[in-house]
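Subject: Structure handover

Hi,

Here is the structure we talked about. Please look it over, then read my notes below.

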Amino acid sequence: MLREGILPTTVTFNTMIHMCGNNGRMEEVASLMRKMEGLQCHPDTRTYNILISLHAKHDNIEMAATYFKIMKDASLEPDAVTYRTLLYAFSIRNMVSEAEKLILEMDKKDLQIDEFTQSALTRMYLEAGMVEMSWSWFQRFHLAGKMSSECYSANIDAYGERGHISEAERAFNCCSEGKRLTVLEFNVMIKAYGISKKYNEACYLFDSMEKHGLSPDKCSYSSLIQMLAGADLPLKAASYVREMKEAGLVDDCIPYCAVISSFVKVGQLEMAVSLFDEMIVFGIKPDVVVYGVLINAFADMGSVKDATKYLVEMRNSGLEANAVIYTSLIKLYTKVGYLREAQETYKMLQSFEEGLDVYSSNCMIDLYSERSMVKQAEEIFEHLKKKGNANEFSYAMMLCMYRRNGMFKEAIQNARKMKELGLLTDLLSYNNVLGLCASDGRYKEALATYKEMLSSAIQPDDSTFKSLGIVLLKCGVPKEAISKLESMRKKDPQSGVQEWTSALSSVIGVLDTDSPDSKDA
DNA sequence: TTAGGGTTAG
């Protein structure tokens, strides 16, 4: 583009810088700047505006601010575009003092802030915890009277998203005084009520749209249905789905799916199924997600028959099961103890990119360990470890399997590895490890584990003290003394736990070895 | 710059 013999003008450079920058070729932008300098071709205000906006877009705010300074040093007058670009960039990064400095300059030059930047200011002040300040800016714009629906909505949304519901309401009311409301303001206000868990208000506002001569659009319905479903109010949500259907605004199964999954969540599976049936009657095609919801629901119930029914139905309608569905099936087969089916499903999962995750692998370990199929369980466990995916569940299940099969050495190694990797975090895991230590005669290790448990603020339970009681008993503490410790703990858990700790410390603290028959202690 | 559905165990 830069041909020899023809001197490119500033305008040409501006165009090229703009093009390169928009394509992300920032090195070329820098090289063009150097060429400009070499040719003594002077950048103008527009050149700097482009540079500031490009660097802001590429998240290099320092460079954007630097060009602003260079521009002024070159005695070029920043214009409304310059200020708007930089002020917006500062606002969305919550750079309050930098933004305020610019605003001051703009006021001096009598330059107006555009409404898009204004809503960014509202957000910035809210993020900074300066609610009053944000409100005074909102008012300044509101009183100037040139706000659009988009701007009012952006402000209502800014307040609503952060739970400032009364400011959102005030902004909404300001809007209704100044101009005719549109669906947009209603939608963000409904969303605001949802975020503040004011579901009745949301419904009431939605229902009042008609009185304002407005019809709710797809977004109004979707957000209301979504919020009600998420708030465990599926019955209410269902009535709006029906209304939405009546209005001809349902074109996929997503709103139905939200409500169906809400019914499942609150345990009303029959309602979920009947809404699903209703959806089919209306000719809305179910997709793999909504099938997934039902299959998972029946998997949780251990109902192979129903889960399979929906799986078959899904396949018959030409949909392929995905990794999520196979994971639900593995959960189901683990629950009911169908090893062969689980193995087959696990094999199917291998063909997926996300494929074999910890969850499904742990299900397989669970199945194998219940059957004492040590080798098979180990194989999966090794695979998990190799990929760095083995988690607390994986380790705990392996530990239990080893223990059940009398493989104490392996069990202890596992327990130690768990601690080492920081995977011992849950009460159940601690209890597993303590139970193991107690039955394997590792009293010092039991005490250390118990102390670790207390210091990581895990509340011990009855099962914890059952194992510790065995430890004390094996150390020669009489049964009566142990029962006394337990009744003390039942009466006053706090001091009871302390009594247990000192009893264990005094008995075990004097031992000089742990498990005399082991050499790896 | 309005909203959006599914899997996480002992």
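H27 and H29 are roughly parallel to each other (angles under 35 degrees count as such), because their axes cross at roughly 30°. The two helices span residues 462-474 and 493-508, and their axes come within 11 Å. Helices here are DSSP runs (H or I, at least four residues), numbered from the N terminus. Axes are lines fitted to C-alpha atoms over the stretch in contact, with angles from 0 to 180 degrees between N-to-C directions. Contact means heavy atoms within 4.5 Å. H27 brings Phe-465, Leu-468, Gly-469, Val-471 and Leu-472. H29 answers with Val-497, Trp-500, Ala-503, Leu-504, Val-507 and Ile-508. By class, that is ten nonpolar, one polar and no charged residues. Ala, Val, Leu, Ile, Met, Phe, Trp, Tyr, Cys and Pro count as nonpolar, Asp, Glu, Lys and Arg as charged, and the others, Gly among them, as polar.

The model is predicted: local features need pLDDT of at least 70, side-chain atom pairs need 80 or more, and totals for chains, interfaces and linings use all residues. Residues are numbered from 1 along each chain as written, chains are lettered from A and ligands numbered from 1 in written order, and side-chain values use heavy atoms, without hydrogens and water.

Now the DNA. There are 35 residues around DNA strand B (a heavy atom within 4 Å). Asn-187, Lys-191, Asp-287, Asn-322 and Ala-396 come nearest.

Best wishes

Conventions:
Angles under 35 degrees count as roughly parallel, over 145 as roughly antiparallel, 65 to 115 as roughly perpendicular and the rest as oblique.
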